[in-house]
Amino acid sequence: MSRITRQKGVLELLSIAIVLGIWELVAVFIVGKTFTLPSFHEVATSFYDLRKDIPGDVAISLKRFAIGLLWAAVVGIPIGAAMGWFKSMERMFDPIIQVIRPIPPIAWIPFALVWFHLTDYGAGFVVFIGALFPILINTYAGFKSVPRRLVETAQVLGRTKSYGLIRFVAFPYAAPSIFTGIRISMGVGWMCIIAAEMIGFKSGLGFRLWQRFWFLHQMDNLMAYMILIGVVALVMDYVFRYLTERRLLRWYKEV
Amino acid sequence: MGALQNINLDIEEGEFICLIGPSGCGKTTLLRIIAGLELPSAGTITFGHKSIAGPDPNRTMVFQEFNLFPWRNVAQNVEFGLETKSIPKGERHRIAQEYIDLVGLTGFERAYPYELSGGMKQRVGLARALVTSPKVLLMDEPFGSLDAQIRNLMQDELLKIWHRVRTTIIFVTHSADEAVYVADRVAILTTRPGEIKDIVAVDIGRPRSRFDPHFVGLRCNILEGLDMPC
């Protein structure tokens with residue numbers, strides 16, 4: 001037995017199997033009502049029933065998510081970098097950020113609808129608001145923590161201008177921080193897109209999920225969407241970590 | 001209230017000079033001023049005929065804490081100083097390789113700093129500082145964080161390299177033994193105010209033996225100059 005449990009993946013799969021088993025037993029024998037708690041086999045069947053809808057729903061949510069995340073990086077990284085490097089920029093941007101940051105991104109949904117209507121950019125805007133601050137703040141922290149001694153080393157070796165120091169010293173030094181920011185942003189942004197679609201936008205994973213509940217009362221389908229939303233986020237996180245850590249953690253171990 | 005006062009020191013081209021003194025005497029400050037990282041509050045410091053206004057790859061520096069760029073491997077660290085000059089990529093690799101070979105790191109080109117020992121890190125630091133063919137090499141207690149055996153080994157290595165490249169070296173240390181072993185002249189700095197108390201010429205041919213009575217005598221002179229027991 002111990003030989004088997006030591007094998008990679010055995011205990012992990014076992015724990016998932018146990019949870020699924022308990023779920024199935026509780027749903028079928030104790031609750032016995034799909035609306036209150038759909039059973040595992042009902043949810044599994046739902047995936048099969050929904051197989052035609054799922055790819056399109058995932059694609060549209062991912063597209064909006066990507067729009068928001070991309071803009072958050074395009075805006076957040078330069079502002080964060082400027083704030084971390086130039087004291088004056090820090091003083092200029094910090095008050096604005098302090099005021100806007102505490103507003104939950106979801107509170108922007110009405111304005112997203114008013115400004116961008118029911119477009120992918122409208123939904124993307126909510127993601128943008130949610131993703132902006134983690135990227136910006138982590139970039140800022142990364143740039144702020146660049147050791148003076150490394151900057152001086154670069155200066156002595158001939159990199160004397162701000163642009164060169166930012167590009168060849170501060171940016172690579174801050175890169176792990178920036179990537180951490182993007183990773184956090186991906187989590188927040190994914191929440192934002194689901195919420196935006198639930199409330200305002202008439203397509204995508206969040207909309208489907210809400211539709212199953214509010215109009216159709218198909219809780220088994222709803223739970224299938226819940227699981228799907230989680231799995232997509234998990235896969236994105238894995239892919240992102242795989243792509244960045246292979247390049248980055250070669251040196252990051254030391255710091 | 002300055003850290004340094006009455007510093008009057010002429011350094012010849014190709015000379016190996018040591019600055020020695022207790023901590024807080026301003027020897028590192030003096031080196032940073034020469035590097036152009038700090039500006040003197042009074043007085044002038046000239047290099048050739050021009051006064052020093054800022055950092056310049058003609059005066060590169062080797063640091064006690066190595067200051068390697070952790071995201072760059074050995075070859076990329078060494079190449080750093082060449083990237084600001086308009087040298088083609090292939091030529092950059094060739095020059096970097098030459099200095100990597102010179103400091104004895106052949107085969108470690110692709111290693112990252114976290115994979116290297118302290119002595120190897122400082123070899124990278126040395127190659128990186130030499131790659132721009134500086135007129136003056138500034139060394140701020142470069143072997144201070146290495147243990148004794150490695151330290152002695154690195155002193156020999158440095159002398160060997162210096163014979164090859166023949167650049168002027170200004171070397172800060174707090175070890176009288178190290179100073180007498182490597183330098184042509186040793187400038188003794190005192191604390192509060194930091195000023196040059198004495199300059200000792202080390203008139204012993206190289207390679208030097210630490211057991212040579214004249215070596216021992218000079219080391220004693222320097223220690224006495226620092227008010228330390230010999």
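This is a predicted model: local features need pLDDT of at least 70, side-chain atom pairs count only at pLDDT 80 or more; totals for chains, interfaces and linings use all residues.
A residue is counted as buried when its relative accessible area is under 20%.

Strand 5 of chain B, spanning residues 136-140, runs parallel to strand 4 of chain B and is joined to it by 4 bridges. Within this pairing, Val136(B) is the bridge partner of Arg59(B), and Leu137(B) is the bridge partner of Thr60(B). Strand 4 of chain B (residues 59-62) is likewise covered on both faces, with Arg59(B) and Met61(B) buried on one side and Thr60(B) and Val62(B) buried on the other. Strand 5 of chain B also pairs with strand 6 of chain B (residues 168-173), again in the parallel sense, over 5 bridges. In that pairing, Met139(B) has Phe171(B) as its bridge partner.

The domain assignment of chain B comprises domain 1, made up of residues 1-58 and 134-230, and domain 2, residues 69-133. The C-alpha centres of these two domains of chain B are 25 Å apart. Contact between them involves 18 residues of domain 1 of chain B and 12 residues of domain 2 of chain B. The area buried between the two domains of chain B is about 1200 Å², with 74% of it on carbon and sulfur atoms. On the side of domain 1 of chain B, the most area is lost by Pro134(B), Met154(B) and Ile161(B), which together account for 39% of what that side buries.

Polar interactions across this interface of chain B include 3 residue pairs in polar contact and 1 salt bridge. Glu157(B) and Arg123(B) form a salt bridge in which the closest N and O atoms are 3.1 Å apart. Strand 5 and helix 5 (148-165) of chain B each supply at least two residues of the side of domain 1 that touches domain 2 of chain B. Helix 5 of chain B gives the most to that side, with 8 residues.

In chain A, the domain assignment gives domain 1 as residues 1-32 and domain 2 as residues 38-252. Their C-alpha centres lie 33 Å apart, and 5 residues of domain 1 of chain A are in contact with 7 residues of domain 2 of chain A. Between them, the two domains of chain A bury about 470 Å², of which 73% is on carbon and sulfur atoms. Leu20(A), Trp23(A) and Glu24(A) lose the most area on the side of domain 1 of chain A, together 85% of what that side buries. The interface between the domains of chain A has 0 salt bridges, whereas 3 residue pairs in polar contact are found across it.

Glu197(A), located in helix 9 of chain A, is buried, with a relative accessible area of 1%. The side chain of Glu197(A) makes a polar contact with the side chain of Arg64(A) at 2.8 Å. Beyond its neighbours within four places in sequence, Glu197(A) is in contact with residues including Ser61(A), Arg64(A), Ser203(A) and Phe207(A). Ile103(A), by contrast, is partly exposed, at 35% relative accessibility, and is found in the loop between helix 5 (87-100) and helix 6 (109-116) of chain A. The C-alpha atoms of Ile103(A) and His117(A) are separated by 21 Å, these residues being 14 apart along the chain.

Key. Residues are numbered from 1 along each chain as its sequence is written. Chains are lettered from A and ligands numbered from 1 in the order in which they are written. Side-chain values use heavy atoms; hydrogens and water are left out. Buried means under 20% relative accessible area, exposed over 50%, partly exposed in between (1.4 Å probe, protein chains only). Two strands pair if DSSP finds at least two bridges between them. Domain bounds come from an automatic or database domain assignment. Contact means heavy atoms within 4.5 Å. Buried area is the accessible area (1.4 Å probe) that two parts lose on being put together, summed over both. A salt bridge is a side-chain nitrogen of Lys or Arg within 4 Å of a carboxyl oxygen of Asp or Glu. A polar contact is a pair of N or O atoms within 3.5 Å; within protein, one must be able to donate a hydrogen and the other to accept it, and residues adjacent in sequence count only if both atoms are side-chain atoms.
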